[in-house]
Amino acid sequence: MTNWARIAASLQEVDADDWGADLGGGSYRQEITMPAGLTFDSSRIEVRRSTGEVVYAKVVKTNDNKFYLYTNDNTASYVISYV
């Protein structure tokens, strides 16, 4: 077995125009489909603002390769990195 630091397998942009309707209390979500070959249970998901700051966003698995990403700012764009 070889041990080494993994870098992001894939980056994915989340556009501010795609947030759903207000779920109540100013909470919004998008269902994200992960890039081909990645699965929710075997990936580490990191969310950053488009300006680079790490965001500890709520993510909820909806399928093997899909999840909801939640925000309270429906004008925000994010970049998701998968490892």
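Reply: From the N terminus on, the elements run β-β-β-β-β-β-β. That is seven strands and zero helices. Both are DSSP runs numbered from the N terminus: strands are E, at least two residues, and helices are H or I, at least four. The model is predicted, so local features need pLDDT of at least 70 and side-chain atom pairs pLDDT 80 or more, while totals for chains, interfaces and linings use all residues. Numbering starts from 1 along each chain as its sequence is written, and side-chain values use heavy atoms, without hydrogens or water.

Now the salt bridges. The criterion is a side-chain nitrogen of Lys or Arg within 4 Å of a carboxyl oxygen of Asp or Glu. By this rule there are four.

Start with lysine 61 and aspartate 41. Their closest N and O atoms lie 2.7 Å apart. This pair links distant parts of the chain, 20 residues apart. Lysine 61 sits in strand S5 (residues 59–63), and aspartate 41 in the loop between S2 and strand S3 (45–49). Lysine 61 counts as partly exposed because its relative accessibility is 34%. Aspartate 41, at 62%, is exposed. The classes are buried under 20% relative accessible area, exposed over 50% and partly exposed in between, with a 1.4 Å probe and protein chains only.

Lysine 61 also meets aspartate 64, at 3.9 Å from N to O.

Another pair joins glutamate 46 to arginine 44, with closest N and O atoms 4.0 Å apart. Arginine 44 is partly exposed, at 49% relative accessibility. As background, side chains of opposite charge can pair when their charged atoms come close.

Next, the nonpolar interior. A nonpolar core is a set of buried Ala, Val, Leu, Ile, Met, Phe, Trp, Tyr and Cys residues joined through side-chain atoms within 4.5 Å. The largest one has 15 residues; Phe67, Leu69 and Ile80 touch the most other members. S2, strand S6 (66–71) and strand S7 (78–82) each supply at least two residues. S7 gives the largest share, three residues. Over the chain of 83 residues, 28% count as buried.

Last, the overall extent. The C-alpha atoms fill a box of roughly 50 × 30 × 20 Å along the principal axes. Glycine 24 and asparagine 72 are 48 residues apart in sequence, yet their C-alpha atoms are 10.0 Å apart. Glycine 24 lies in the loop between S1 and strand S2 (28–33).
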